[in-house]
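The following note sets out points on the structure shown below. Kindly read each point with the structure at hand.

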Amino acid sequence: MAAAVALVGRQVELAHAAAALREVERGRASALVIEGEAGIGKTRLVDCVADDAQERGFAVHRGQAHPFERTRPFGVVASALGLSRRSSDPRRAALGELLGRGRGASGEAVGDLRYRVVEEIVDLIESTCSKGPMLLVAEDLQWADSASLLAILSAARQLPLASLLIAVTARSSPHPAPLERLLADLADGGARTLTLAPLSSDEVAVLARDVLRALPGPGLTTMLAQAGGNPLLAVALVRSLADEGLLRRDGDSVDVTTSQPPASLNDLVVRRLSDLPTATRELLQVAAVLGDAVSLRDIARVTHRSPSEVVAKLRHAFEAQLLDATDDRLVFRHQLVHDAIYQHVPPAARRLLHREAAVVLMSGGADRLDVADHLIRGAVKGDEQAVAWLRGAAREASSQAPSVTLELVRRADGLLPRGHPEADLVSAELVQALLRAGQPAEASDRAHAVLSRPHAVEVDTPLRVALVGALALQNRATELVAVVRSSLHGAARLQAADRVMMLAQESWALTYTGDPKAGEASARQGLVIAEESGDRAMTVWALTALMVAVGRQGRFGEALTHSRRAAALAAGTPDTRSLPLRPTFFLGLALFDCDLVSEARAAYRDALDDESGAGWWLSETLLADAQALFALGEWDDAVPGLIAAGEAAQEKGNPLLVSQSAAYRAIIATGTGDYRTAAELAAGLVTSLDTDPPTYNAGVLAVAVAGLRTAEGNHTDAYTVLLRCWRSEVARDSRFYHRWLAPDLVRLGVELGHRDVAAEVCDAVTEAAALAPEVPTLQASALRCQGMVLGAVEPMLQAITMVRQTPLLVEHATACEDAARLLDLDGRHREAAELLTEALERYERAGADAWAADVRGQLRALGVRPGPRGSRHQAETGWESLTRTERAVSRLVAEGLTNGAVARRLYISPHTVNTHLRHVFAKLGVQNRVALAAIVHHTNE
């Protein structure tokens with residue numbers, strides 16, 4: 001076997017790679033993206049980077065995607081990290097077991113495991129990095145499965161402070177859409193992209209010299225130019241000419257004796273094949289059909305030969321430098337060599353070989369997913385065995401990789417002839433697969449197509465339920481309601497659970513599009529059906545829909561009652577149909593709406609701790625918890641939580657949550673006086689507010705934008721923004737944002753001379769307060785509005801009494817400011833000063849320096865000289881500058897805990913831990929965990 005040729009050229013690329021390794025040695029994560037055509041030298045460059053990394057003490061983990069293994073979820077990452085049930089490392093073995101868990105014991109698909117697997121993989125990578133720097137290589141990502149791409153992206157995003165270098169390779173574009181997104185995200189995160197260009201003619205000459213141990217002559221140099229600077233083709237050409245005796249030595253150089261070189265690498269490989277014994281050629285073709293890196297055992301099984309006979313027959317292929325061996329696999333010397341041999345097999349023969357390989361592997365007990373690719377390439381229309389196998393493989397992949405499931409079911413659907421008895425069943429499975437893979441538009445189109453023609457009775461209900469879900473994901477509320485009503489009142493044979501599910505979806509559609517009363521009616525109808533049938537899981541669905549509908553109408557106490565019952569029922573049933581709703585998360589929302597913020601945060605922690613289906617509601621839960629921290633005035637902790645929630649929402653493609661995260665951060669930036677950041681964040685919110693009607697979360701967006709406009713002195717614009725949102729809220733018969741919008745809108749209305757509007761808003765919020773007498777902030781909001789409209793002090797003082805019952809910052813401090821203004825007008829200056837001092841203390845405790853400065857100005861206007869700024873104002877750098885949570889995170893990291901372990905200890909998420917660490921590193925001026933640990937240990941001495 002010929003020795004490997006040294007890397008020629010690529011000095012610039014090697015310098016960039018070395019710089020990335022040095023960056024990791026300093027404790028900061030880095031990334032390399034290596035792109036180029038096949039044979040251009042991506043793997044040789046990675047070999048050099050890996051060698052350099054090993055010399056520097058890196059732990060090197062390499063995985064490679066393969067064209068015939070795209071149906072194996074997490075295949076690339078599992079290969080790189082050694083995630084196998086047979087691993088000697090208990091943690092890797094456990095992850096391998098998790099990867100193999102496709103179906104529950106009952107045969108029903110278990111919950112979506114993707115996000116749990118990803119978090120475990122990220123935690124494993126971080127644990128490895130905590131012991132020393134790590135290089136994670138993922139090659140040939142143009143063939144990678146989507147779950148692997150998600151894991152790589154998550155590691156890059158969540159571990160920017162780990163000693164980790166991620167290096168990925170891919171052929172030049174066009175790329176599959178998931179890979180394009182990964183590469184774009186890596187680039188946004190600062191990855192170095194190395195695009196390998198063809199070698200120069202001088203560099204190709206050096207390559208030839210290394211192979212021949214002599215300089216190429218003019219004829220050979222001219223012939224090598226036809227390689228186009230591709231090193232693989234150039235080396236293969238030289239070796240082929242040498243093997244065929246077409247070179248002659250002429251002094252210190254070597255030249256060709258022919259003027260007819262092979263036109264391509266394919267031609268070179270075919271010429272070599274023609275010189276091999278027939279048995280060797282046949283085995284090579286079988287090996288090529290099985291893959292580019294194949295088990296010797298599988299070749300023997302498919303060809304009905306013994307392993308020793310296979311090895312003997314393939315000896316000539318090794319000598320011809322077509323094959324290598326690694327571990328227990330035979331590997332083609334390059335993917336292009338594999339492709340040439342594979343393409344040399346006639347298409348009909350290829351299809352038969354794939355099908356025969358599938359049969360043999362199936363009979364030998366192979367994993368369904370290992371066989372699926374062969375069935376996809378080998379089965380023909382009408383192959384019922386292949387259809388059954390692909391459907392089974394799809395079920396196994398469903399919990400880990402929805403995109404894989406979709407590909408398998410699509411192929412099964414394409415294999416069934418029109419009119420086949422099971423065609424409708426497969427169509428229903430395809431609709432479900434489309435939904436899980438995030439393609440609701442195609443799912444709804446396909447469901448409509450089947451339902452609009454005669455179809456199997458047993459698929460009618462599943463398709464209708466799936467159609468409703470698909471329409472909900474597209475916010476096509478009108479169509480959704482039409483489907484639900486036609487299903488409920490038509491000839492559809494709906495079970496009780498199906499009726500409840502449809503009614504719950506209808507309820508949400510009606511509520512969020514402006515008719516919460518109709519939404520309540522649908523939810524109550526569903527609740528009756530669920531309770532009569534004794535279906536606990538569906539009762540949870542109905543109660544959650546009812547909670548949302550009545551909450552939007554402002555009946556927060558009633559919403560809390562329904563939420564408590566739903567959470568209790570869900571905790572007492574193993575029925576996974578209720579899990580996607582995350583009842584503890586919805587309970588937290590209801591508790592927060594009733595000012596029970598500490599209880600709400602405990603519910604959010606429970607939701608984060610519950611691993612079943614955690615990925616579905618991660619961004620929502622992170623945002624809700626950060627909102628609670630904002631409300632409490634714990635802004636130093638709220639900001640990292642909001643950033644983490646926004647990043648998680650961005651990953652899920654949820655623009656509403658992204659805008660909501662930005663809104664809270666804009667409010668905080670305004671309050672702290674960081675007007676530049678506030679303006680940048682608010683600029684992205686205006687579009688959402690300009691939609692007609694505004695989005696259902698427009699209330700908080702309007703408060704953020706109006707708050708900044710007020711701080712800038714533009715009260716008219718602030719009033720206009722708030723009034724438009726208020727009108728939309730009233731038109732939708734929603735009272736959810738009344739307590740947020742009303743005080744500011746009334747204050748500005750009075751100030752700008754719009755007293756009629758101020759009175760109208762005051763009446764509406766007073767009516768809303770009557771619906772929820774148990775919520776202090778809502779009562780206080782109504783009283784404040786009454787005081788401002790009437791110019792009366794007593795309602796304002798009553799409002800102060802109410803807000804003191806809550807821990808909420810903005811409601812408490814702004815109520816004090818509003819009351820102080822009226823007290824000052826009434827000549828009660830001492831009382832006004834006391835309330836302003838109370839507001840000042842709350843603002844300073846939160847770090848709301850700009851708002852505190854305004855209050856100080858009001859105090860000075862009253863002739864009061866406020867004391868020095870409170871203890872909240874601390875150092876900006878060093879250990880003393882860290883918040884309580886940042887110190888807690890630092891101490892746990894210094895103990896060697898990973899982000900995941902820290903998150904579990906502090907009841908937050910790894911995303912939030914990562915954001916805290918970024919802030920800690922900046923404040924302490926350190927670049928890695930080792931330096932942070934040294935500071936922690938020194939501080940604690």
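1. Pro218 belongs to helix H9, which spans residues 218-224; helices (H or I, at least four residues) and strands (E, at least two) are DSSP runs, numbered from the N terminus. Pro218 counts as exposed because its relative accessibility is 63%, where buried means under 20% relative accessible area, exposed over 50%, and partly exposed in between (1.4 Å probe, protein chains only). The C-alpha atom of Pro218 is 8.9 Å from that of Val254, although 36 residues separate the two along the chain.

2. On the basis of the note: this is a predicted model, in which local features need pLDDT of at least 70 and side-chain atom pairs count only at pLDDT 80 or more, while totals for chains, interfaces and linings use all residues. Residues are numbered from 1 along each chain as its sequence is written, and side-chain values use heavy atoms, with hydrogens and water left out.

3. Strands E6, E8 and E7 form, in that order, an open sheet with mixed pairing; two strands pair if DSSP finds at least two bridges between them. Strand E6 (215-216) and strand E7 (247-250) are at the edges with a single partner strand each, so one side of each has no neighbour in the sheet. E7 pairs with strand E8 (residues 253-256) in the antiparallel sense over 4 bridges, and Leu247 stands opposite Val256 in E8. The hairpin of E7 and E8 has 2 residues between the strands, and Gly251 in its turn has a positive phi of about 70°.

4. Arg213, which is not a glycine, has a positive phi of about 60°; Arg213 is in the loop between helix H8 (201-212) and E6, and is exposed, with a relative accessible area of 68%. Asp733 likewise has a positive phi, near 55°. Asp733 is placed in the loop between H37 and helix H38 (738-751), and its relative accessibility of 23% makes it partly exposed.

5. A second open sheet for attention has 3 strands in the order E9-E11-E10, with antiparallel pairing. Its edge strands, strand E9 (293-295) and strand E10 (323-326), each pair on one side only. Neighbouring strands in this sheet are turned against each other by 30° on average, direction ignored. Between E9 and strand E11 (residues 329-332) there are 3 bridges in the antiparallel sense, and Ser295 has Arg329 in E11 as its bridge partner.

6. Helix H12 (residues 278-290) lies across E9, E10 and E11 and runs at about 95° to E11. Axes are lines fitted to C-alpha atoms, for helices over the stretch in contact, and angles run from 0 to 180 degrees between N-to-C directions. Thr280 lies in H12 and is buried, with a relative accessible area of 1%. Leaving aside residues up to four places away in sequence, Thr280 touches Lys313, Leu314, His316 and Ala317; contact means heavy atoms within 4.5 Å.

7. How do helix H36 and helix H37 pack? Helix H36 (residues 698-711) and helix H37 (residues 715-731) meet at an angle of about 170°, with their axes 8 Å apart. H36 and H37 are therefore roughly antiparallel to each other, since angles under 35 degrees count as roughly parallel, over 145 as roughly antiparallel, 65 to 115 as roughly perpendicular and the rest as oblique. Residues of H36 in this contact include Ala698, Gly699, Ala702 and Arg709, and those of H37 include His715, Asp717, Leu722 and Cys725. By class, the contact of H36 with H37 has 9 nonpolar, 3 polar and 2 charged residues; Ala, Val, Leu, Ile, Met, Phe, Trp, Tyr, Cys and Pro count as nonpolar, Asp, Glu, Lys and Arg as charged, and the others, Gly among them, as polar.

8. The largest nonpolar core has 137 residues, of which Met538, Trp635, Leu741 and Tyr843 touch the most other members. Such a core is a set of buried Ala, Val, Leu, Ile, Met, Phe, Trp, Tyr and Cys residues joined through side-chain atoms within 4.5 Å. Helix H27 (residues 536-552) supplies the largest share of this core, 11 residues. Apart from this core lies another, of 96 residues, with Ala151, Leu183, Trp389 and Ala466 among them. Not counting residues up to four places away in sequence, the contacts of Trp635 include Leu629, Phe630, Ile668, Leu809 and Trp851.
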